Amino acid sequence: MILLDSFINIFIKAAFIENMVLAYFLGMCSYLAVSKTVKTAFGLGLAVIFVLAVTMPINWVIETYLLSENGLLGMDLTFLRLILFIAVIASMVQLVEMVIEKVSPALYNSLGIFLPLITVNCAILGGSLFMVSREYNLTESIAFGLGGGFGWFLAIIAIAAIREKIKYSNVPPALRGLGMAFILTGLMGMAFMSLMGIDPAALSGN
Amino acid sequence: MADTLTKVEEKEPLFGKKERQLIYDPLFDNNPITIQVLGICSALAVTSLVVPSFVMSIAVVFVCGFASLFTSLVRERIPTQVRMIVQLVIIASLVTIVELTLKYLNYPIYKQLSVYIGLIITNCIVMGRLEAFAMANKPWRSFIDGIGNGLGYGLILIAVAAVREIFGKGSFAGIQLIGPSPDYFINTTAESGIGTWFSWYSNNNLMVLPAAAMFLIGIFIWIQRSRNPKLVDIS
């Protein structure tokens, strides 16, 4: 039960209170580039949730059993962390791409172009690095991966919906497109700040 | 600016007109952040204070320059299928060097930047320049291009940080400029140092929030595009 509590806590915290995009600006590049229509944003959002939830536990295992001083090799290899993490992410993305292509060609066709983009999405590597610096355990890192991915998904859907509607407004020409996207993200960030009042501990009945 | 450039030119005969353009272009008309929309990921979160932004800019200039140089050196030997992995390994090694150096030189700033130093790996500026420039150009040019883009990134970073720190904390790089200085309340009669300028000013907390960075970059883009209508995108 305690396990579940901490799982829910971290999920809610990662998805709403400390949203990857709106509080830490992670994954901004693809967030701004792919948020022109809701449909593509939806696809990329799902792919990010998936990759984040898969790579996080794998990186946790690597960090704990391979790189840390108490691991299998008995040496402090943390200087290899960045290279190994990015290698895991790149190969996971490749693997996910191959699996999806085999299992569901329809999904692959709608996601296909976005999958390679995810390798250089800072949210993925950032999630793994946050996991290390916050010293999460295995369940917590799975929760953080799912929650962070879900938060990213929410943010990109929201901005895509706003950008679809804002086409019909009379925005100053110099601010059209990118400039407006930045200001909208700022406003969304402020809106999400009101969620800071959520107390995850209260939800689990403590 | 012009003086330093001509000096460099005298010392470095390799530094011709083309190279100068490679440095200048990314600073304004082809800025990686406001025009190419690259590298925003790690850019915004460190900009609440000037000093960390400055350190971050130096790190990006270093990584971007040398990653371009090394990629360009081996560009003819990389098979196209695995080029992303090769580039990532080059970048990741450079970032590891930067991370360990910073950890050794200045631990508090290393702590403050936390994961964002590691995130230079996925900084789209570096990858973007490697793909777009270094894979097709000679090493020296690629190096200059990398440095130029790193500087363009640093320029925006420091500009945003300066505005946020001055209006949010009343200081610049840790030196109190406006607003009541910390010793103002003790020594109200004397003009105690620089901090008593505009002593009525109270800090704007909006500027400390992450959202302020978004607004500021939005405004920078607005200014830049209204001065140069060619840059406006129709979408």
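Which residues in the largest nonpolar core touch the most other members?

Guide: In this predicted model, the residues that touch the most other members of the largest nonpolar core are V63(B), I91(B), V95(B) and I121(B). The core has 122 residues in total. Helix α9 of chain A, residues 138-166, gives the most to this core, with 12 residues. As a general background, nonpolar side chains tend to be buried together in soluble globular proteins.

Leaving aside residues up to four places away in sequence, V63(B) touches I91(B), L94(B), V95(B), V98(B), I120(B) and V126(B). Two of these partners, I91(B) and V95(B), are themselves named among the residues that touch the most other core members.

The surrounding chain can now be described. Chain B contains 10 helices and two strands. Read from the N terminus, its elements follow the order α-α-α-α-α-α-α-α-α-β-β-α. Of the 235 residues in chain B, 43% are buried. Among contacts in chain B with a separation of 6 or more, 72% are between residues 24 or more positions apart.

Chain B is divided into domain 1, residues 39-164, and domain 2, residues 170-210. Seven residues from domain 1 and six residues from domain 2 take part in the contact. On the domain 1 side, the elements that give two or more residues are α4 (50-73) and α9 of chain B. By class, this side has five nonpolar residues, one polar residue and one charged residue.

Helix α9 of chain B deserves a separate remark. This helix covers residues 139-169, 31 residues in all, and reaches 43 Å from its first C-alpha to its last. That span is close to the 45 Å expected at 1.5 Å a residue. Just after α9(B), G170(B) takes a positive phi of about 75°.

There remains the meeting of the two chains. Here 37 residues of chain A are in contact with 37 residues of chain B. On the chain A side, the elements that give two or more residues are α2 (20-24), α3 (28-33), α5 (81-103), α8 (122-133) and α10 (178-193). Of these, α10(A) gives the most, with eight residues. The residues on this side of chain A divide into 25 nonpolar, 10 polar and two charged.

Key:
Residues are numbered from 1 along each chain as its sequence is written. Chains are lettered from A and ligands numbered from 1 in the order in which they are written. This is a predicted model: local features need pLDDT of at least 70, side-chain atom pairs count only at pLDDT 80 or more; totals for chains, interfaces and linings use all residues. Helices (H or I, at least four residues) and strands (E, at least two) are DSSP runs, numbered from the N terminus. The expected span of a helix is 1.5 Å times one less than its number of residues. Two residues are in contact if their C-beta atoms, placed from the backbone, lie within 7 Å. Ala, Val, Leu, Ile, Met, Phe, Trp, Tyr, Cys and Pro count as nonpolar, Asp, Glu, Lys and Arg as charged, and the others, Gly among them, as polar. Domain bounds come from an automatic or database domain assignment. A residue is buried if 20 or more other C-beta atoms lie within 10 Å of its own, exposed if 12 or fewer, and partly exposed in between; C-beta atoms are placed from the backbone. A nonpolar core is a set of buried Ala, Val, Leu, Ile, Met, Phe, Trp, Tyr and Cys residues joined through C-beta atoms within 7 Å.
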